[in-house]
Amino acid sequence: VREHYIINKETAAINRGTYISVDVPGKDCFVYVREYNNQRYLIALNFADEQIELDLHDVAAVGQIVIST
């Protein structure tokens, strides 16, 4: 939880970035992108009781997991 707080507090894209909703039909997930200057974050929140695999190549072909809980 502390990592999540630090990322939110110190990341301009998360705080002030443009919000772009990502459609993920039929999944128990909420997915969106936040962009600001050269920062771009794809946020995927899983509300299911199990791990879900998403194909997000159309949104982000390359990336790095910053935080996972």
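**Close-up views of the strands and their contacts**

**Legend 1. V31 and its partners in the neighbouring strands.** The bridge partner of V31 in β3 is A44. In this predicted model, local features require pLDDT of at least 70 and side-chain atom pairs count only at pLDDT 80 or more, while totals for chains, interfaces and linings use all residues. Residues are numbered from 1 along each chain as its sequence is written, and side-chain values use heavy atoms, with hydrogens and water left out. V31 also stands opposite V22, with V31 lying in β2. Strand β2 covers residues 29-36, and strands here are DSSP runs of E with at least two residues, helices runs of H or I with at least four, both numbered from the N terminus.

**Legend 2. Order of elements and strand pairing.** The protein chain holds 2 helices and 3 strands, arranged α-α-β-β-β from the N terminus on. Strands pair if DSSP finds at least two bridges between them. Strand β1 (residues 18-22) runs antiparallel to β2, and 5 bridges join the two. Strand β3 (residues 39-46) is likewise antiparallel to β2, with 8 bridges between them. Of the contacts in the protein chain with a separation of 6 or more, 27% are between residues 24 or more positions apart; contact means heavy atoms within 4.5 Å.

Legend 3. Between β2 and β3 the hairpin has 2 residues, and N37 in the turn takes a positive phi of about 50°. N37 sits in the loop between β2 and β3 and has this positive phi although it is not a glycine. Most residues other than glycine have a negative phi. N37 is exposed, since its relative accessible area is 70%; buried means under 20%, exposed over 50%, and partly exposed in between (1.4 Å probe, protein chains only).

**Legend 4. The largest nonpolar core.** The residues of this core are V22, V24, C29, V31, V33 and L56, 6 in all. Strand β2 supplies the largest share, 3 residues. Such a core is a set of buried Ala, Val, Leu, Ile, Met, Phe, Trp, Tyr and Cys residues joined through side-chain atoms within 4.5 Å. Across the protein chain, 23% of the 69 residues count as buried. Two core residues, V22 and V31, stand opposite each other. F30 also lies in β2; with 35% relative accessibility, F30 counts as partly exposed.

**Legend 5. C29 and N46.** Leaving out residues up to four places away in sequence, C29 touches L45, N46, I52 and L54. N46 belongs to strand β3. With neighbours within four places in sequence set aside, N46 is in contact with D28, C29, Q51 and I52. C29 and N46 are 17 residues apart along the chain, and their C-alpha atoms are separated by 4.5 Å. C29 is a member of the largest nonpolar core, whereas N46 is partly exposed, as its relative accessible area is 36%.

**Legend 6. I20 in strand β1.** I20 is a residue of strand β1 and stands opposite V33 in β2. Apart from residues up to four places away in sequence, I20 touches Y32, V33 and E35. I20 and E35 are 15 residues apart in sequence, with a C-alpha to C-alpha distance of 8.3 Å. At 34% relative accessibility, I20 counts as partly exposed, while V33 belongs to the largest nonpolar core.

**Legend 7. The salt bridge of R40 and E35.** The side chains of R40 and E35 form a salt bridge, with 2.6 Å from N to O. The rule asks for a side-chain nitrogen of Lys or Arg within 4 Å of a carboxyl oxygen of Asp or Glu, and the count by this rule comes to 1. Side chains of opposite charge can pair when their charged atoms come close. Both partners count as partly exposed: R40 has 44% relative accessibility, and E35 has a relative accessible area of 29%. E35 is also one of the residues that I20 touches.
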